[in-house]
Amino acid sequence: MLIIPDFPDILIEQVNVSDEITLTVHTTSPTASCPSCGTESSRIQSRYIRTLRDLPCAGRPISLIMHVRRFFCKKSTCAQKIFAERLPTLCQPHAQRTQRLQEALHQLGLRVGGQAGADVGSELGISGSRDTILRLVRRWKQPAKSEPRVIGLDDWARKRRLRYGTLICDLERSQPIDLLPDRSVETVSAWLEKHPSIDVVSRDGSSEYASAIKKGAPQARQVSDRWHLVKNLAACVSVQLAQSLGKLRRAEQATARSEKQEEGQASEERRPAQTRAVQHAQLARQAERTARYEHIVALQTQGVTSAEIARQLGVTQRTIQRWIATETIPYSRPRRQRPRLIDPYKTSLLERWHQGCRKGAQLERELRAKGYKGSGRAMYRYLQTLEPIGFSIRKRGSASAMSQPNPLLALSTQQATWLFFRRPEDLKAEEQETLRQLRQASPHLETAYQLVKEFLHMVRERTGEQLDTWLKAVKASHLEAFQTFVTGVQKDRDAVLAGLTLPWSNGPLEGHVNRLKLIKRSMYGRAEFDLLKLRVLHQSKKNQDRKNKYKHNQGQQVGRLKKLRRMKNGTNFQHTIPGISEVA
Ligand SMILES: [Zn+2]
């Protein structure tokens, strides 16, 4: 049987091949059993024709024309007097498609969604509308799974900043087991109550999940997720860094101003005009920002609310609060020059200039002849920058100090934080140098760096027993920026300690949340919760099979390696688990 599999009790009478393949079939079993009472019957009441669609063959759709019989039920007490024979291996009662076609549509729906599934299907000759596919997906029952022992909770945005759902993963099997429509204490605790087997719950630092676990699974040990801990610490450290960098910049500006006054007019002439113009603009911007910041502080000390200040200055209230918290208005780097029409002609202009041609009108004519489309003014602006070059070449020595600014001034808070949190061995040579300078810039920064380093050591090596010593060290340091973090840790001490000691974390959830987002977006925001849930939970099973297979293969390889080494060295080979990878 090449075209259709060998279904028992079905005989193919006729095959018609045109654009479509039509098979005329009939059933062969002498009896059929009543679906109500199960009694076998051989008394045929009538026959009818049923049409079924099947999977395509060699690109041609197949339909089955089936001669089906109706039987009388022999049992006199049975409510069903007449019944049609059932063909459970081929199709479901009343279905218009064979089981295997339904299965194909169902898989398409789960993998790529309703409309996309219908589109792909029609390309492949597997016909089914979007609604059919979605109906088949919704009919799917999740197979019963063993009760989870270790789970992770994480939230995902149903509608960003407005509505959040909860994704629950079995951390031992690393697969999602349920999707909840929100992250409220009631919903989460109700779910937990239904799963009394849970021993360990990993979660972020949110108090909502903490109280839900306390209510729904008081027996479970709560684990604060390491990634979230590091993220919170990074947020606090970045405030510290922003403050220190701000101070550094203000000090630098003050020096620059006094130097400028000392050097006076003469020094300005030495520098190339273009650099001078850029520096002027930059200094003006910074001066304006400093003045603005001082204005804000002055208003604040007068007791004006940040909302009122925000209104007066025309910025958001959040920006004002951030500026006040970081004690500075963010440093703006020199603006990047946009490409200009004059750019490609600069070389030839310079050449003519050196040849001694100083007549603007003639230079413009020559440039136009070469195809220059920009304005005359742009050309003159460029010529102006050429004039003082003679001076700058002669007296380059005194300008060199200006051309090498402190690299810390160009460092954003984010970049500085990143330097603090990465493994030192992963930093490039110049990054290590910047980090060294950053640490030397102020004793506060060195202390902060040491505290971060110690905390990351606890995170990576899971030496939670050092937590109390660390907290004491933070207290002794008097660094204000760390206080928010410390307060949070102390409030959630047991869970943090568990996070820094136990192997569990929300790491596997991150991937699943990302996949969930992808599926959600592929449904163009029309994702209804039940469908989304089915798709998220289903795919994971297939992935799990693949993962298990991969793990199994790796396991075999490790086993082989162990055996080899033992044979070679006569020692036991210990397979170590790598610590958590890159953090923050
Ligand atoms: Zn019956």
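Which residue lies over the face of Tyr-164?

**View 1. Arg-183 lies over the face of Tyr-164.** The distance to the ring centre is 4.1 Å. A charge sits over a ring if NZ of Lys or CZ of Arg is within 6 Å of the ring centre and within 35 degrees of the ring normal. This is a predicted model: local features need pLDDT of at least 70, side-chain atom pairs count only at pLDDT 80 or more, and totals for chains, interfaces and linings use all residues. Residues are numbered from 1 along each chain as its sequence is written, and side-chain values use heavy atoms, with hydrogens and water left out.

**View 2. Arg-358 lies over the face of Trp-353.** Here the ring centre is 4.2 Å away.

**View 3. Phe-71 and Phe-83 form a stacked aromatic pair.** The whole structure holds seven aromatic pairs. Rings of Phe, Tyr and Trp (its six-membered ring) pair if their centres lie within 6.5 Å; planes under 30 degrees apart count as stacked, over 60 as edge-to-face and the rest as tilted. For Phe-71 and Phe-83, the centres are 5.8 Å apart and the planes 20 degrees. Phe-71 lies in strand 6 (residues 60-72) and Phe-83 in strand 7 (residues 82-84), twelve residues apart. Strands are DSSP runs (E, at least two residues), as are helices (H or I, at least four), numbered from the N terminus. Phe-71 is buried, at 0% relative accessible area. Buried means under 20% (1.4 Å probe, protein chains only). Phe-83 is buried too, at 1%.

**View 4. Phe-455 and Phe-485 pair edge-to-face.** Their centres lie 5.3 Å apart, with planes at 85 degrees. Phe-455 is in helix 17 (residues 443-461), Phe-485 in helix 19 (residues 483-491). Both residues are buried.

Definitions and conventions
Buried < 20%, exposed > 50% of the residue type's maximum accessible area, 1.4 Å probe, protein only.
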